[in-house]
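User: I have a sequence and a structure open here and would like to talk through them. Can you take my questions as they come?

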Amino acid sequence: EHGYNVIPVNPGLAKMDESVNGEKVYASLADIPVPIDMVDIFRRSEDAGGVVDEAIAVGAKSVWLQVGVINEAAAQRALDA
């Protein structure tokens, strides 16, 4: 609608072959078959680090943590990448 292609990642929904807003749900960022510009993380602060590491591994251009999600170590890894 606004020029963005949002690809949902949720291991539980992916196992059930679900879709969200008409988009296939993937189990991990590594499973997405196209380049990733941004990863928007909707996880607890303590869980965000693993997603940041996965985003770095797939070459995502940026990472966004939702308001209130704070993981300083993960943020530094993202900045260093």
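**Contacts, pocket and helices**

Analyst: Leaving aside neighbours within four places in sequence, Ser28 is in contact with Val9 and Glu54. Bear in mind that this is a predicted model.

User: Where is Ser28 found?

Analyst: Ser28 sits in the loop between strand 2 (23–24) and strand 3.

User: Is Ser28 buried or exposed?

Analyst: Ser28 has a relative accessible area of 18%. The cut-off for buried is under 20%, so Ser28 counts as buried.

User: Which element gives the most to the lining of the largest pocket?

Analyst: Strand 3 does, with four residues. Strand 3 (38–41) and helix 2 (45–58) each supply at least two residues of that lining.

User: And what is the lining made of, by class?

Analyst: The lining of the largest pocket has 18 nonpolar, five charged and three polar residues.

User: Staying with strand 3, what about Ile41? Buried or exposed?

Analyst: Ile41 lies in strand 3. Its relative accessibility is 2%, so Ile41 counts as buried.

User: What does Ile41 touch, not counting residues up to four places away in sequence?

Analyst: On that basis, Ile41 touches Ala48, Val51, Val52, Val63, Trp64, Leu65 and Gln66. As for Val69, 28 residues away along the chain, its C-alpha atom is separated from that of Ile41 by 8.6 Å.

User: Helices now. At what angle do helix 2 and helix 3 pack?

Analyst: Helix 2 and helix 3 (residues 72–80) pack at an angle of about 10°, and their axes are 9 Å apart. Angles under 35 degrees count as roughly parallel, so helix 2 and helix 3 are roughly parallel to each other.

User: Which residues meet there?

Analyst: From helix 2, Gly49, Val52, Asp53 and Ile56 meet Ala74, Arg77 and Ala78 of helix 3. By class, this contact has four nonpolar, two charged and one polar residue.

User: What about Asp80, buried or exposed?

Analyst: Asp80 is in helix 3. With 61% relative accessibility, Asp80 counts as exposed. Asp80 and Lys15 are 65 residues apart in sequence, with 33 Å between their C-alpha atoms.

User: Over to helix 1. Where does Pro11 come in?

Analyst: Pro11 is in helix 1 (residues 11–15). The relative accessible area of Pro11 is 47%, so Pro11 is partly exposed.

User: What is Pro11 in contact with, leaving aside its neighbours within four places in sequence?

Analyst: Pro11 is then in contact with Tyr26 and Ala27. Pro11 and Ala27 are 16 residues apart in sequence, yet 3.9 Å apart in space from C-alpha to C-alpha.

User: Backbone question. What phi does Asp17 have?

Analyst: Asp17 has a positive phi of about 55°, although it is not a glycine. Asp17 is in the loop between helix 1 and strand 1 (19–20). Its relative accessible area is 66%, so Asp17 is exposed.

User: And what phi does Asn21 have?

Analyst: Asn21 has a positive phi of about 50°, and Asn21 is not a glycine either. Asn21 is in the loop between strand 1 and strand 2. At a relative accessible area of 80%, Asn21 is exposed.

User: Last one, Ser62. Where does it lie, and what does Ser62 touch, not counting residues up to four places away in sequence?

Analyst: Ser62 lies in strand 4 (residues 62–65). Beyond those sequence neighbours, Ser62 touches Asp37, Met38 and Val39. Ser62 counts as partly exposed, at 30% relative accessibility.

User: How far apart in space are Ser62 and Ala81, C-alpha to C-alpha?

Analyst: Ser62 and Ala81 are 9.8 Å apart on that basis, and 19 residues apart in sequence.

Key: Residues are numbered from 1 along each chain as its sequence is written. This is a predicted model: local features need pLDDT of at least 70, side-chain atom pairs count only at pLDDT 80 or more; totals for chains, interfaces and linings use all residues. Side-chain values use heavy atoms; hydrogens and water are left out. Ala, Val, Leu, Ile, Met, Phe, Trp, Tyr, Cys and Pro count as nonpolar, Asp, Glu, Lys and Arg as charged, and the others, Gly among them, as polar. Axes are lines fitted to C-alpha atoms, for helices over the stretch in contact, and angles run from 0 to 180 degrees between N-to-C directions. Angles under 35 degrees count as roughly parallel, over 145 as roughly antiparallel, 65 to 115 as roughly perpendicular and the rest as oblique. Contact means heavy atoms within 4.5 Å. Buried means under 20% relative accessible area, exposed over 50%, partly exposed in between (1.4 Å probe, protein chains only).
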